[in-house]
Amino acid sequence: MTRALPWIGLAALAVAPLIGIGNYPLHMLIQVLLWGFVYTGWSIMGRLGMVSFGHGAFLGIGAYVVVMGWNQFGLTPWIGLPIALALTAVIAFLIGYPCFRFKIVGHYFALVTLALSEVTRLLIVALRDQTGGSLGVTPKTALTESSYSLLALQFSDKLVWFYVVLLVWLAGLWVWNKVDRSMARLALEAISQEEDAAASIGINVTRLKLGVTLISALMTCVGGALYAQYQAYVNPDTVSGIGISLQMVFGVIAGGMYVRLGPTVGAAFTLLLAEGLRLMFGNSLHALDSTIYGLMLVLFIIYMPKGILGGALAAMQRRKPASAGA
Amino acid sequence: MQIFDIFLLESVLNGLLLGGLLALLSLGLNLVFGVIDVIWICYAELIMIGMYAIYYFYVVFGWPLPLAMAAGVLLVAAAGAALHQFVIRPVLAAEPINQLLVTGGVLFFLQAAATLAFGIEFKNIGVTFPPIVIGEISFSMPRLIAFGVALAGMLAMYLFLTRTYLGTAIRAISQDRAIMPLMGVNPDRIFIITSALGGGLAGLASCLLVLQYDIHPAIGLSFGPITFLICVLGGLGNMVGGFIAAFIFAQFISVGGFFLAVEWGYVIAFLFFIAVMFWRPQGIWGSK
Amino acid sequence: MSASTTTSGGSAMLRLDGVSAGYAGFQALFNVSLEVRSGESVAVIGPNGAGKTTLLRTISKLIGVTSGDILMEGRSLKDVPAHEVIARGIAQVPEGRRLFARLTVADNLKMGAFLPAARPHHAERLKFVYSLFPRLQERRTQIAGTLSGGEQQMCAIGRALMSGPKLLLLDELSAGLAPVIVQSIFELVKRICSEGYTVLIVEQNIRQVLKVVDRAYLLETGRIKSSGPSAELLASDEIRKAYLGI
């Protein structure tokens, strides 16, 4: 019975919008799945000890290359996205290679990646003639005559977006699974401290790390592109920079970094928290909601370091009697 | 060609002055990291709070500027100590990612709190200085003052760290924390003092920045990341390395901004940074 | 062979009454009682892992006492935090020297004088330390990590002396040093004792240390097995068979 539970849950999720849950909840659901996908992409790196504070860069590349490609050159996102992916791969390699080859980890790595996301944001702002700078940009609409355009990857019906995002989210989980079961994961976990030992038995650590980084970055890029198309608006602060990068890390940690559904839970948590606070306080005092949000982030890290899902699982483990087996 | 050279020279010299300011910024960050092994991601936001404080003391309460500035420095120093005591200390034993995240959370919090308290309009303390003109080159007075104060501040810090008992203890604790009690040193107390010092340096930076720039809740983003880069370039925790790296970076920003728009200066500086990372990833003067 | 008993008469500077101590989930000392009288030099000897270093760390309050008490000049150290022990007159030269490797010799010695009460006497004590260790004076601006093993040991001892302690705790001074250096270190200890310092020394090199101290305790697996004047212990069968290979 417990085995079937996830499938039942998935089925319920898939049909929920058809039963009619309302436009606003549907919007929230789409956001949760979309950001869940993005956070899952980050966590593939994070759980193997490569904590990046710069995934905003890849998010921004995905969003802006696709939108600018369409707006400036009439390039369909189906071409724009591969271009964005290629660019993402290059950047991921440029940053990852020196770091992994020379064993830059921990603080250094976090700061280097943080700077990367900020420079991406600065670049987007610097190219203001093309990107609209801090004001942001909207993809030119292709929906004047119909409610959907496959070529432009624009759909006015949220339901369509829901299924697109649901599929992408499931794909993300599948990728997570594959990495989880791969040699890469075993190797990187087992040798997290003993890289020299691993190298001596022929494991090319740098290549493994680069591979994982690439997967993570590419997923994030796809997420950025989808976000831009869904929201039909992007600005540098929502898809690049320290803010969103920190948000990503926090979301994964909040949900639980080592568990498959952890990042999605984290996405749900952070989104619902921010939305709830906005509804409660957003109209009375400007920025009170984000102040409380910031405060809660700090308190959360201090008092719940394992995250929600991680902590819950740990608590369940403790309650099981020892004889119940692993 | 003559005029071209003069303006280029001017930007190089202004870059020197900027370098002094950036060196001061990196000093505080390196001090805290070198001693406590924690990076205050929210460091620039502390400076932002200091700037608002000085604004309020000077413009709203009408205090004389020197008093407002002194109060600003003390306020941020206290904020640094409080940051350590209430936010860092609980996670000192946790993994580094938690430490980074918790100061990241403070970054969010301070930006939002500043927006809540002060609004998003740009504020300025309205103190203007005439430019100093030497030949055909003009310097901004606030920049000159900032440079002078930054150098003085760094000299004072150097003397403190090398000549006093407390300063020596601060230098010692990162080398062997466990035996400090044997010499009568309470490590917690050293960390609080170091955090207050780091905050004080940030407060000093506030005083200098408030003379030149408008205040806005998000201005931390203008110099926070660049400070991180400088510290990494110079070797995290290496105060001398950070000092030199600051000047190098400032030149890229200043001269890059001279030839292209201001943001490009930062982009070029970052590209330079990446190039160095390929060559010496622990920072030019970092130790592995 | 006399068992450990509290002596009558003579002032006990340091006294441990039934001290038990250990690390999280692991007890290392069991009901240890000993005392060191003013002006005495006492050794704690025993095999590897007996708990000798733990004993000194407990006295310095780096490890908590789970039962029993430690008294320094009659005053309990029970509620004294680790960083205040030195103010009570106890200074330790820790195992492995533990110098601040990137500071100079002079700065290491300066750290020894961190105690507020010690600072006014910095200059005169520095002079004394340099007179004991002229080599240190030569190398006072040298980075401590670049000193030889013997010089590092001198620096570590000098650092402890800078606080003007009443009681010196010395932990495994001979560890990792060449025999020739070890010889000179023990001669130094003898000299320090003759200067009037009260010394509690923990040591694996039984033969050497018993030649230098007045009394010794034998610690085995966290318990005091026996004690007595050094000459007596040196002559005892127990010690000779188990530790001196005779």
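This is a predicted model: local features need pLDDT of at least 70, side-chain atom pairs count only at pLDDT 80 or more; totals for chains, interfaces and linings use all residues.
Colleague: What makes the size of chain B agree with that of a compact globule?

Modeller: For 288 residues a compact globule would have a radius of gyration near 19 Å, and because chain B has 19 Å, the two agree. Its C-alpha atoms fill a box of roughly 65 × 50 × 35 Å along the principal axes.

Colleague: Why is chain C called as compact as a globular protein of its length?

Modeller: Chain C, with 9 helices and 10 strands, has a radius of gyration of 17 Å, which is close to the 18 Å that the globule rule gives for 246 residues, so the description holds. The C-alpha trace of chain C spans about 50 × 45 × 40 Å along its principal axes.

Colleague: Which elements make up chain B, and in what order do they run?

Modeller: Chain B has 10 helices and 2 strands, and from the N terminus on the order is α-α-α-α-β-β-α-α-α-α-α-α.

Colleague: What makes a residue count as buried, and what percentage of chain B and of chain C does so?

Modeller: A residue is called buried when its relative accessible area is under 20%; by that cut-off 58% of the 288 residues of chain B are buried, and for chain C the value is 55% of 246 residues.

Colleague: How do you know that chain B and chain C are in contact?

Modeller: Contact requires heavy atoms within 4.5 Å, and on that basis 21 residues of chain B are in contact with 22 residues of chain C. The size of an interface is often given as the accessible area lost when the parts come together; here the two chains bury about 2100 Å² between them, 66% of it on carbon and sulfur atoms. Of the area that chain B buries against chain C, Tyr165(B), Leu182(B) and Met183(B) supply 38%, more than any other three residues.

Colleague: How far apart are the mean positions of the positive and negative charges in chain B and in chain C?

Modeller: In chain B the mean positions of the 9 positive and 11 negative charges are 14 Å apart, whereas in chain C those of the 29 positive and 22 negative charges are 4 Å apart.

Terms used. Residues are numbered from 1 along each chain as its sequence is written. Chains are lettered from A and ligands numbered from 1 in the order in which they are written. Side-chain values use heavy atoms; hydrogens and water are left out. Helices (H or I, at least four residues) and strands (E, at least two) are DSSP runs, numbered from the N terminus. The radius of gyration is taken over C-alpha atoms; the globule rule is 2.2 Å times the number of residues to the power 0.38. Buried means under 20% relative accessible area, exposed over 50%, partly exposed in between (1.4 Å probe, protein chains only). Lys and Arg count as positive and Asp and Glu as negative; His and the chain ends are not counted. The place of a charge is taken as NZ of Lys, CZ of Arg, CG of Asp or CD of Glu. Buried area is the accessible area (1.4 Å probe) that two parts lose on being put together, summed over both.
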